[in-house]
Amino acid sequence: MQDAATRIAELERELSDKVEQLERLRMQLQQQDVQLQQQREQIEQLKQLVSQLKELLDRNSSNSSLPPSSDSREIREKLRANRKRGKKKRKRGGQPGHRGSTRQLLPPEQVQHIIDLFPQRCESCWRPLPQVADEQPQRYQVTELPPIKPETTEFRQHAVGCTCGHITRAALAPEVACSPFGPRLSSIVAALTGVYHLSRRQAKTMLSDLFGIEISLGAISAIEARVSDALSAPWQQAYDSVQDAQVKHADGTSWRQGGKPQQLWVVATTLATVFMVVADGSASTLRLVLSKLKGMLISDRAKALNFWAMKRRQICWAHLLRKFVSFSERDGPASGYGKQMLQYTGIMFEMYYAYKDAKITREEFRRRMQPLREQFEALLQRAVDANIKGLSGSCADILYHREALWAFVDKTGIEPTNNHAEQQLRAFVLWRRRSFGTQSERGNRFAERIMTVVHTARKQGRHVLSYLTQVCEASRTGQPTPPLLHKS
């Protein structure tokens, strides 16, 4: 009995040990399950991170808002090859049937010198010929610049003594004393730095090389300040014009003042272009840029612009097109949705340009667009319901702007893209890349004013240098500033 009891006790101990071992194994398995779950989650996170990084690496001007200048050489060659794919190869230069462009002859009243050429002898019998004027002579013009030499006027202030013993010196006129540089030279200096975006040092060298004018960097800065003050009224006129316009384009980009981030915004119409350097791109700031909230606004989907009534907006389809391209280049189901969106967008642009080229009437254009609108919005809704990360949220935001998607269909005079604002902003973007922005508030005002006045003057058909010279002359003499915009 004692042996049996002892054996039972040993078996119980062994069983207890086995139970403990099993419990330890169970705990280890649970820990391994937790570790495996954590590893699965990490792998999923890493997959998402790789996908995001791949998308960032694949971003270029065709699938995002990045400018073409940011594309690498390889990407530019790839995009160029994609554009050429499917197109017929053709030789460089003018194509058969292309109407060539030739230099237009100036009218006689704009020609300074006329030289009449008469043949000396007959080409057939070699007899001498009289010099008889031809009513329709063949004209050939040669344009040349005369030697450029600056004109310097010296004012000699004489001092004359009176019988009372006091000596009086002649005073300079205020318009002469304000600057040692005339209005045309001041306009040229401002154009070199503010329009053609040469650095002050480059402008200094150019003035010396081309005109023989020696000027200091500080003098160039002072000229910019005076021209900026003179352009204050024309800038305000252009600003008032775009605020009252019935259709306007708006776009913004980053800017820097002394290395600190700011925002540069453009508001453009067919008659005027206005640039503004502001502190940021917040809604409260943009309310000041677009103060009157009047007319139709064509822009991207910036959330800061949501204060503008959606029924008076047109969302840029060029931005949407790039977004759809990025969808189509992703892995998984997002690619399919993106490709369908691209197909609808391509059909939309085909119909729009057919209308613009007068191949179809506006009524026909609107009739054809109706089913496309319904099908496209249904596709967006399906993409939202699919709950795909990185796709559904964007499509929901596009649907939020539903009223602003089709203004170009419902109303005349509306473009489906914001290309006009982007084109106007392009010169400023290139300036920023070269100069890294400005260094002071005064520099901001000069930049926005000179660019506003020049872009608007070109739209008005004005000669830029002539207008800048008139403004500077009026500022020096205290005369009213000549209007920038022609009276309608």
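Reader: Which residue in E4 is the bridge partner of Gly252?

Author: Trp265 is the bridge partner of Gly252. This is a predicted model, where local features need pLDDT of at least 70, side-chain atom pairs count only at pLDDT 80 or more, and totals for chains, interfaces and linings use all residues. Residues are numbered from 1 along each chain as its sequence is written, and side-chain values use heavy atoms, without hydrogens or water.

Reader: What makes E3 and E4 a strand pair?

Author: Two strands pair if DSSP finds at least two bridges between them. Strand E3 (residues 247-257) and strand E4 (residues 260-268) are joined by 9 bridges, so they pair. They run antiparallel. Strands here are DSSP runs of E, at least two residues; helices are runs of H or I, at least four; both are numbered from the N terminus.

Reader: Why do E5 and E7 stand at the edges?

Author: The open sheet has 5 strands in the order E5-E4-E3-E6-E7, with mixed pairing. Strand E5 (273-278) and strand E7 (313-315) each have a single partner strand, so one side of each is left without a neighbour in the sheet.

Reader: Why are Trp317 and Trp406 called a tilted pair?

Author: Rings of Phe, Tyr and Trp (its six-membered ring) pair if their centres lie within 6.5 Å; planes under 30 degrees apart are stacked, over 60 edge-to-face, the rest tilted. The centres of Trp317 and Trp406 are 5.3 Å apart and their planes stand at 45°, so the pair is tilted. Trp317 lies in helix H9 (residues 317-328), and Trp406 in the loop between helix H12 (392-400) and helix H13 (407-410), 89 residues apart. Both residues are buried (under 20% relative accessible area, with exposed over 50% and partly exposed in between; 1.4 Å probe, protein chains only).

Reader: What makes Phe428 and Trp431 stacked?

Author: Their planes are 15° apart, with 5.3 Å centre to centre. That angle is under 30 degrees, so the pair counts as stacked. Being 3 residues apart in helix H14, Phe428 and Trp431 are separated by about one helical turn. Both are buried.

Reader: What makes a nonpolar core, and how many residues has the largest?

Author: A nonpolar core is a set of buried Ala, Val, Leu, Ile, Met, Phe, Trp, Tyr and Cys residues joined through side-chain atoms within 4.5 Å. The largest has 63 residues; Phe428 and Leu207 are among those with the most contacts inside it. Helix H15 (residues 441-459) gives the largest share, 7 residues. Apart from this core lies another, of 37 residues, including Met310 and Ile398.
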